[in-house]
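Work through the exercises below with the sequence and the structure in view. Try each task before reading its solution.

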Amino acid sequence: MGLALDEATENDVVEEINGIKVAIDKTIHSQTENMTLEYQETDEGAGLTITGNESDCC
């Protein structure tokens with residue numbers, strides 16, 4: 001699973017989360033229900049992290 005800053009396509013589900021429109025590919029939408037996107041700063045640098053999907057599928 002990855003993350004990209006891009007325009008939504010016809011294959012996406014568009015949701016508004018905390019006032020931000022997010023496009024999620026329909027094929028993985030059900031797998032993202034319990035996920036959290038966070039900004040994190042570490043000694044290695046700063047960036048976005050995706051947490052919450054603890055299943056063995058991905």
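**Exercise 1: Confidence**

Task: State how confident the predictor is in the protein chain, and where confidence is lowest and highest.

Solution: The mean pLDDT (the predictor's confidence in each residue, from 0 to 100) of the protein chain is 83. A value of 70 or more is reached by 88% of its residues. Strands are DSSP runs of E with at least two residues, numbered from the N terminus. Confidence is lowest in strand β4 (residues 45-51), with a mean of 85, and highest in strand β1 (residues 12-17), with 90.

This is a predicted model, in which local features need pLDDT of at least 70 and side-chain atom pairs count only at pLDDT 80 or more, while totals for chains, interfaces and linings use all residues. Residues are numbered from 1 along each chain as its sequence is written, and side-chain values use heavy atoms, with hydrogens and water left out.

**Exercise 2: T32**

Task: Locate T32 and decide whether T32 is buried or exposed.

Solution: Start with the loop between β2 (20-25) and β3 (36-42), where T32 is found. Next, take its relative accessibility: T32 counts as buried because the value is 17%, and buried means under 20% relative accessible area. Finally, look at the side chain of T32: one of its polar atoms lies 2.7 Å from the backbone oxygen of H29.

**Exercise 3: Lining**

Task: Describe the residues that line the largest pocket.

Solution: By type, the lining divides into 15 nonpolar, 7 polar (Gly among them by convention) and 7 charged residues (Asp, Glu, Lys and Arg). The nonpolar class holds Ala, Val, Leu, Ile, Met, Phe, Trp, Tyr, Cys and Pro, and the polar class takes the others. By element, β1, β2, β3 and β4 each supply at least two lining residues, and β2 gives the largest share, 6 residues. A pocket here is an open set of points on a 1 Å grid over the protein atoms alone where a 1.4 Å probe fits, with protein on both sides within 12 Å along at least five of seven lines; lining residues have an atom within 4 Å of a point.

Notes:
Helices (H or I, at least four residues) and strands (E, at least two) are DSSP runs, numbered from the N terminus. Buried means under 20% relative accessible area, exposed over 50%, partly exposed in between (1.4 Å probe, protein chains only). A polar contact is a pair of N or O atoms within 3.5 Å; within protein, one must be able to donate a hydrogen and the other to accept it, and residues adjacent in sequence count only if both atoms are side-chain atoms.
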